[in-house]
Amino acid sequence: MTNNDILRRIRYTFNFNDKKMIALFALADLSVTREQVSQWLKKDDDADFANCSDSQLATFLNGFINDKRGKKEGPQHPPESRLNNNLILNKLKIALNLKAEDIVDLLKTTDLAISKAELSAFFRKPDHKHYRECKDQFLRNFLQALQIKYRTDMDSNPVNKSQTKSTSQNHANQAPRASANKTAAKTKAKPTTKTIYVNPNATVVEKPQSKRKVLKLKPEDIWKQ
């Protein structure tokens, strides 16, 4: 992983804007411009992309520690001129006040299992016999685990919640309208009784009523065999 990759991932995970990024560098006694921050965060194939040096990333991480844990009294510890994954992992651990069991639990969210003994090897001095080099894959999984834990989900944003609520309310308001429109359309489609037009000036001709023929029988004729 490159320094720029790490800087981008941390910025995304904690939702830092340019102003916050500049402030974090300043907390470790480094003044940077918005243009510099923008260049470090651009994609590698962008024409304005600029490499973030080890010293610059170390300064940013030191500022991150000061922001999260408070700055210690006395002069600021100078940034390392050479960084590796072990140092980056350790600085993030310090900044977020993570214990070994915290990191083990975090990594489970990325389906990476590691024991506390294996993890402790990353934080030993390079000349220690149990020192273990932190590979890119492990650091990438750790940064992914941080993103899962600390990244503010868009659904939990109050603005988006309000928008979602408003959208739901609109749907709820539209439902009765849709039902009413459907009923009106159904009623409109129903054929109505036709009214026969009668010309008031027409001459009414009364038709003679036909007399109904009634068959009259005498009682004796009914029982007559």
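## The largest cavity and its lining

Helix α1 contributes the most to the lining of the largest cavity, with 4 residues. A cavity is a set of points on a 1 Å grid over the protein atoms alone where a 1.4 Å probe fits but cannot get out, and its lining residues have an atom within 4 Å of a point. The structure is a predicted model, in which local features need pLDDT of at least 70 and side-chain atom pairs count only at pLDDT 80 or more, while totals for chains, interfaces and linings use all residues. Residues are numbered from 1 along each chain as its sequence is written, and side-chain values use heavy atoms, with hydrogens and water left out.

The lining of the largest cavity consists of Arg 9, Ile 10, Thr 13, Phe 14, Leu 143 and Leu 146. Both α1 and α8 supply at least two residues of this lining. By class, the lining holds 4 nonpolar, 1 polar and 1 charged residues; here Ala, Val, Leu, Ile, Met, Phe, Trp, Tyr, Cys and Pro count as nonpolar, Asp, Glu, Lys and Arg as charged, and the others, Gly among them, as polar. The volume of the largest cavity is about 30 Å³, a volume being the space filled by probe spheres set on the points, with grid points joined across faces, edges and corners.

## Helix α1

Helices (H or I, at least four residues) and strands (E, at least two) are DSSP runs, numbered from the N terminus. The 12 residues of α1 should span 16 Å at 1.5 Å a residue, and the end C-alpha atoms are 17 Å apart, which agrees; the expected span is 1.5 Å times one less than the number of residues. Just after α1, Asn 15 adopts a positive phi of about 55 degrees.

Which residues of α1 are buried? They are Asn 3, Asn 4, Ile 6, Leu 7, Ile 10, Thr 13 and Phe 14, where buried means under 20% relative accessible area (1.4 Å probe, protein chains only). These buried residues pack against α2, α3, α4, α5 and α8.

## The largest nonpolar core

In soluble globular proteins, nonpolar side chains tend to be buried together. A nonpolar core is a set of buried Ala, Val, Leu, Ile, Met, Phe, Trp, Tyr and Cys residues joined through side-chain atoms within 4.5 Å. The largest nonpolar core has 41 residues, of which Ile 10, Leu 57, Phe 60, Leu 92 and Phe 142 touch the most other members. Elements giving two or more residues to this core are α1 (3-14), α2 (18-27), α3 (34-41), α4 (54-69), α5 (85-95), α6 (100-108) and α8 (136-150).

Apart from its neighbours within four places in sequence, Leu 57 is in contact with Asn 3, Ile 6, Leu 7, Cys 52, Leu 83 and Ile 88; contact means heavy atoms within 4.5 Å.

## Pockets

A pocket is an open set of grid points with protein on both sides within 12 Å along at least five of seven lines. The largest pocket holds about 450 Å³ of space. Its lining has 17 residues, and Asn 62, Ile 65, Asn 66, Lys 72 and His 77 lie nearest its centre. Helices α4 and α5 each give two or more residues to this lining, which comprises 4 nonpolar, 7 polar and 6 charged residues.

The second largest pocket holds about 160 Å³ of space. Among the residues lining the second largest pocket are Phe 122, Phe 123 and Tyr 131.

## The chain as a whole

The chain contains 10 helices and 0 strands. Of its 225 residues, 26% count as buried.

Note on methods
Buried means under 20% relative accessible area, exposed over 50%, partly exposed in between (1.4 Å probe, protein chains only).
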